[in-house]
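This report describes a sheet and a ligand site in one protein. Please keep the sequence and the structure in view while reading.

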Amino acid sequence: MKKKLAVLLAGTMVMASLVACGGNDAAPATNDAPAAEPAAEDTAEPEAEVEEEAPADDAAEAPAASGDTISVGFAQVGHESDWRAANTQNYQDTFSEANGYELSFVDADNDNAVQLEAVRNFIQQEMDYICIAPIETAGWDTVLQEAQDAGIPVLIVDRSVDADASLYETQIGCDMVAEGETAGNWLGEYLDGADAKILVIEGSVGASATLGRTEGFNNIAAQHSEWEILDSQSGDFTQAGGQEVMESFIKSYSDFNVVVCQNDNEAYGAMDAMDAAGITYGVDGDVIIISFDATHDGLQYTLDGKINCNVECNPLQAGFAADVIRKLQAGEAIDAQTIVTDEAFVAPGITSQYAVTMTQEVLDGRAY
Ligand code: AHR
């Protein structure tokens, strides 16, 4: 392993035009009360995709003025990461009884069969709406058709599916390809032409978050003949998975200087593995770490200089789903897709045109 980080750092300082930190301060206007009955499907034609900043904590709450509650079934991926816990909490807070909803929540524990069964149960229970955070992109056409046949509007949230878009109302989530490209662009700026021997700890196989981040990073890597991606293995978006993959990488590769972890929990596991092997990382170490999610703990590691760059994926997305439901209830048009905007953060001492330099103030403002 080459001790080249200090040289790289000195060689790649650029003046930054910093992105405004807008992660949590804008919300869709959703204070109108939803009507008692869901709108007929043909009253709400999807419009073009829109980019949105994440809603504030209390945004998009839509109390049912009529006193009727709106039932929402939410088939969640699981509880694999800190990001997922924050996303679940955000749905439970937003779709609360106090806000006029009856939320049926299922944690599918990263099991496709469990998630499909949960959706079928929601259909049987005649939920007013179904939200699905799909574990994988594939395999959704049949059950989405069943929901449509039953007249239940479906919102695809967080991740995406490769099913026919006419089978669901809308898709809400971050642009995973753009996140991967941001990571790649930042690395290119930081290395400034120096060689990279890269190991990638991917997320769960078949998840759009994995596919998108991989595609985006590879798009940029293809522009850098001086980069070599040595290996790319799934750590399943978990800390244990990240540690296991990193331990196996360490056995197989003696010369690498970049580890890309597709979420914060994998990064924690990878750091544990490198600590145990005596490998240094971060701004003062031999290995550059890139992570995704930018959850509170991930940003603490970034502020501490252990993670060099952390690309955000904002989990506070339930407000957008509530806003879509409010509009459907009111018979208003909705957008076919809502892209939740996010930004990237880099360790102190690094400036970048692609990322905000971490400070204690940024960390203190983190809601998740
Ligand atoms: O789909 C979002 C991804 O899923 C987050 O990056 C990860 O932490 C989660 O498990």
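Strand 10 (residues 258–261) pairs with strand 11 (residues 288–293) in the parallel sense, and three bridges join the two strands. Within this pairing, Val259 has Ile289 of strand 11 as its bridge partner. The model examined here is predicted.

Both strands belong to an open sheet of seven strands, arranged in the order 9-8-10-11-12-15-16 with mixed pairing. The edges of the sheet are formed by strand 9 (227–234) and strand 16 (356–357); each has a single partner strand, so one side of each is left without a neighbour in the sheet.

The ligand is the second topic. Its surroundings include Asp293, and among the other residues around the ligand are Glu80, Trp83, Arg84, Phe237 and Asn263. By class, this shell comprises six charged, four nonpolar and two polar residues.

| Residue | Distance to a ligand oxygen atom |
|---|---|
| Ser81 | 3.0 Å |
| Arg213 | 2.8 Å |
| Asp293 | 2.5 Å |

How much of the ligand does the protein bury? Taken alone, the ligand exposes 280 Å², and the protein buries 100% of that area. The ligand sits in the largest cavity. Helix 2 (82–94) and helix 6 (208–221) are the elements that give two or more residues to the shell around the ligand.

Methods. Residues numbered from 1 in each chain as written. Predicted model: local features only at pLDDT ≥ 70, side-chain atom pairs only at ≥ 80, totals over all residues. Heavy atoms only, no water. Near = heavy atom within 4 Å. Polar contact = N/O pair within 3.5 Å; in protein donor to acceptor, adjacent residues only side chain to side chain. Areas by Shrake-Rupley, 256 points an atom, 1.4 Å probe, with all protein chains shown as cover. 1 Å grid on protein atoms, 1.4 Å probe; cavity = no way out; pocket = protein on both sides within 12 Å on 5 of 7 lines; lining within 4 Å. Sits in = over half its atoms within 2 Å of the grid points. Helix = DSSP H or I, 4+ residues; strand = E, 2+ residues; numbered from the N terminus. Nonpolar A, V, L, I, M, F, W, Y, C, P; charged D, E, K, R; others polar. Pairing = 2+ DSSP bridges.
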